[in-house]
Amino acid sequence: LLSTPIQSLASDTDVVINTFKWFNHISNEKRSPYAMNDVAKHFSEDAKMITNNKLVCKGIKEHYDHFIELNNHYKSLHADIESIDLRQAGDRIYLHYMIHAKDLNNQKCIIHVMGYMVVKNEKIALFNEIIHKELT
């Protein structure tokens with residue numbers, strides 16, 4: 001008999017989906033509160049986010065600030081998890097999805113996102129994305 005319980009690790013794609021669920025929770029109109037330690041549950045200490053070939057943030061504090069900034073510019077953001085296209089190849093998870101957004105003037109847009117993530121130790125270590133905003 002085994003005397004210690006076996007912990008199952010989340011798959012890399014589960015980590016990505018769970019992070020999007022968390023993102024939707026903190027970025028909807030109800031704005032669930034969050035702290036830097038909540039960001040640290042989803043991103044590694046040295047995590048990088050690169051958007052349209054520009055380093056947007058690195059590390060927990062900059063990711064935290066990035067999410068605050070997004071919430072200051074948008075009334076709501078919702079990643080469409082139901083239609084996300086994920087493909088894993090090696091250590092990369094390639095993805096294509098849409099974020100439905102509403103700005104502070106109630107102008108709606110769709111943000112199209114394509115890119116890849118690298119997950120290490122059940123946290124996102126790299127997110128390299130190309131985005132395009134489409135007004136609706």
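Ser-32 is buried, at 17% relative accessibility. Buried means under 20% relative accessible area, exposed means over 50%, and partly exposed is in between, with a 1.4 Å probe and protein chains only. This is a predicted model: local features need pLDDT of at least 70, side-chain atom pairs count only at pLDDT 80 or more, and totals for chains, interfaces and linings use all residues. Residues are numbered from 1 along each chain as its sequence is written, and side-chain values use heavy atoms, with hydrogens and water left out.

Back to Ser-32. The loop between α1 and α2 holds this residue. Helices and strands here are DSSP runs, numbered from the N terminus: H or I with at least four residues for helices, E with at least two for strands. What does the side chain of Ser-32 make a polar contact with? The side chain of His-25, at 3.0 Å. A polar contact is a pair of N or O atoms within 3.5 Å; within protein, one must be able to donate a hydrogen and the other to accept it, and residues adjacent in sequence count only if both atoms are side-chain atoms. Leave aside neighbours within four places in sequence, and Ser-32 is in contact with His-25 and Ile-26. Contact means heavy atoms within 4.5 Å.

Next, the core. The largest nonpolar core has 35 residues, and Phe-20, Leu-95 and Tyr-97 touch the most other members. By nonpolar core I mean a set of buried Ala, Val, Leu, Ile, Met, Phe, Trp, Tyr and Cys residues joined through side-chain atoms within 4.5 Å. Elements giving two or more residues to this core include α1 (12-27), α2 (36-40), β1 (43-51) and β7 (123-135). Which element gives the most? That is α1, with seven residues. Take Tyr-97. Beyond its neighbours within four places in sequence, Tyr-97 is in contact with residues including Phe-20, Ala-79, Ile-111 and Phe-127.

Now the strands. Two strands pair if DSSP finds at least two bridges between them. β3 and β5 are antiparallel, with five bridges. There, Leu-77 has Ala-101 in β5 as its bridge partner. β4, residues 85-89, also runs antiparallel to β5, again over five bridges. The β4 and β5 hairpin has two residues between the strands, and Gly-90 in the turn has a positive phi of about 65°. β5 and β6 pair antiparallel over 11 bridges. Met-98 has His-112 in β6 as its bridge partner. Four residues sit between the strands in the β5 and β6 hairpin, where Asn-106 takes a positive phi near 65°.

Stay on β6 for Tyr-116. Is Tyr-116 buried or exposed? Buried, at 15% relative accessibility. Its side chain makes a polar contact with the side chain of Arg-92, at 3.3 Å. Tyr-116 is also in contact with Ile-93, Tyr-94 and Leu-126, among others, leaving aside neighbours within four places in sequence. Between the C-alpha atoms of Tyr-116 and Asp-103, 13 residues apart along the chain, the separation is 26 Å.

On to charges. Side chains of opposite charge can pair when their charged atoms come close. The rule for a salt bridge is a side-chain nitrogen of Lys or Arg within 4 Å of a carboxyl oxygen of Asp or Glu. How many salt bridges does that give? Four. One of them joins Lys-61 and Asp-65, at 2.9 Å from N to O. These two are four residues apart in helix α3 (residues 59-73), so about one helical turn separates them. Lys-61 is partly exposed at 47%, and Asp-65 is partly exposed at 32%. Arg-87 pairs with Asp-85, with the closest N and O atoms 3.0 Å apart. Arg-87 is exposed at 54%, while Asp-85 is partly exposed at 33%. Asp-38 and Lys-41 form another, at 3.5 Å between the closest N and O atoms. Lys-41 is exposed, at 54%.

The search of the whole structure finds zero. The cut-off is a pair of cysteine sulfur atoms within 2.5 Å. Cys-57 is buried at 0% relative accessibility, and Cys-109 is buried at 8%.
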